[in-house]
Amino acid sequence: MTARATTRPVGTVTRGTTNPNRLRRMDRWIAAVHGAELRRAEDPVAIDLGYGAAPWTAVELLGRLRTAAPRTRVVGIEIEPERVAAARPYEREGLAFRHGGFEIPVPGRPLLIRAANVLRQYDEAQVAAVWERLCARLAPAAGVSRGGLLVEGTCDEIGRRHVWVALGPEGPRTVTFATRLGSLDQPSDLAERLPKALIHRNVPGEPVHAFLRDFDRAWAAAAPYASYGARQRWLRAVRDLRADWPVTDSPSRWRQGEVTVAWTALAPRS
């Protein structure tokens with residue numbers, strides 16, 4: 001694949017820290033909820049934007065997406081040329097690396113852009129413009145297809161805790177909270193991994209603060225289920241939470257230590 005000509009890449013260099021399997025929860029969610037879109041496409045292209053100092057996340061994304069859509073191709077994009085040069089020896093069929101940024105220097109419209117731990121260093125005021133730019137590069141909705149998907153969020157260094165926003169060409173759709181249940185004391189532990197659009201909104205009066213407060217209350221009320229394991233306690237807490245919040249996924253995802261909520265319910269008030 002030949003990258004289209006660009007000027008200076010858009011964005012700033014990240015710290016580049018990464019670890020193998022750091023993004024496995026996000027990847028598995030993408031394969032589960034977006035796999036059908038990837039399978040339907042003639043040439044499904046996925047972007048790992050800002051993969052960091054090592055190419056592990058792009059390599060792993062290819063393997064995980066191909067379990068759902070075997071024809072998927074992955075392009076890792078980095079704004080730091082030295083990181084691209086270091087990743088090139090890992091290229092193979094279906095996997096390439098390119099120098100670039102938020103302009104997404106690939107031909108056509110990708111069906112997936114994953115931007116994990118990229119916007120953490122940006123100001124909250126910059127997020128909306130970045131989202132708009134990236135969503136404009138996604139494959140458009142057409143027929144039965146809802147179009148491409150942008151998954152933007154944050155996780156800890158070893159992938160125990162994630163929170164991400166899923167956006168389509170039209171804008172934000174959902175927010176997903178995901179955790180290794182054995183490491184969780186209470187759901188609000190995930191607050192430290194809120195994406196940049198929400199992390200400064202975890203204060204009284206904001207919807208995301210109310211959501212985490214109610215989740216902690218549901219978790220506390222589900223304490224008797226802890227004798228059956230953390231998974232059963234989580235399942236019960238999410239079922240109770242669903243009475244007041246628009247949970248959009250099903251128990252098959254909750255069992256993975258996830259819960260997905262409509263973006264409109266958690267969007268900042270201002």
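Before the results, a word on conventions: the model is predicted, so local features need pLDDT of at least 70 and side-chain atom pairs count only at pLDDT 80 or more, while totals for chains, interfaces and linings use all residues. Residues are numbered from 1 along each chain as its sequence is written, and side-chain values use heavy atoms, with hydrogens and water left out.

Let me begin with the chain as a whole. Its secondary structure comes to nine helices and eight strands, where helices (H or I, at least four residues) and strands (E, at least two) are DSSP runs, numbered from the N terminus. The radius of gyration, taken over C-alpha atoms, is 18 Å, and this agrees with the value near 18 Å that a compact globule of 270 residues would have, the rule being 2.2 Å times the number of residues to the power 0.38. Along the principal axes, the C-alpha atoms fill a box of roughly 55 × 40 × 35 Å.

Of the 270 residues, 56% count as buried, which is to say under 20% relative accessible area, with exposed set at over 50% and partly exposed in between, using a 1.4 Å probe and protein chains only. As for contacts (heavy atoms within 4.5 Å), of those with a separation of 6 or more, 68% come from residues 24 or more positions apart.

Now to the rings. The structure holds 10 aromatic pairs; rings of Phe, Tyr and Trp (its six-membered ring) pair if their centres lie within 6.5 Å, and planes under 30 degrees apart count as stacked, over 60 as edge-to-face and the rest as tilted.

One of these is the edge-to-face pair of Y51 and F97, at 5.2 Å centre to centre with 65° between the planes. This pair links distant parts of the chain, 46 residues apart, since Y51 sits in the loop between β1 (45-49) and α2 (56-68) and F97 in strand β3 (residues 95-99). Both Y51 and F97 are buried.

Another pair, F215 with W234, is tilted, with 5.1 Å centre to centre and 50° between the planes. Because F215 lies in helix α6 (residues 207-221) and W234 in helix α7 (residues 230-241), the pair ties together parts that are 19 residues apart in sequence. F215 is buried with a relative accessible area of 0%, and W234 is buried with a relative accessible area of 0%.

Finally, F215 and W234 belong to a cluster linked by ring pairs, which also includes F177, F211, W219 and W245.
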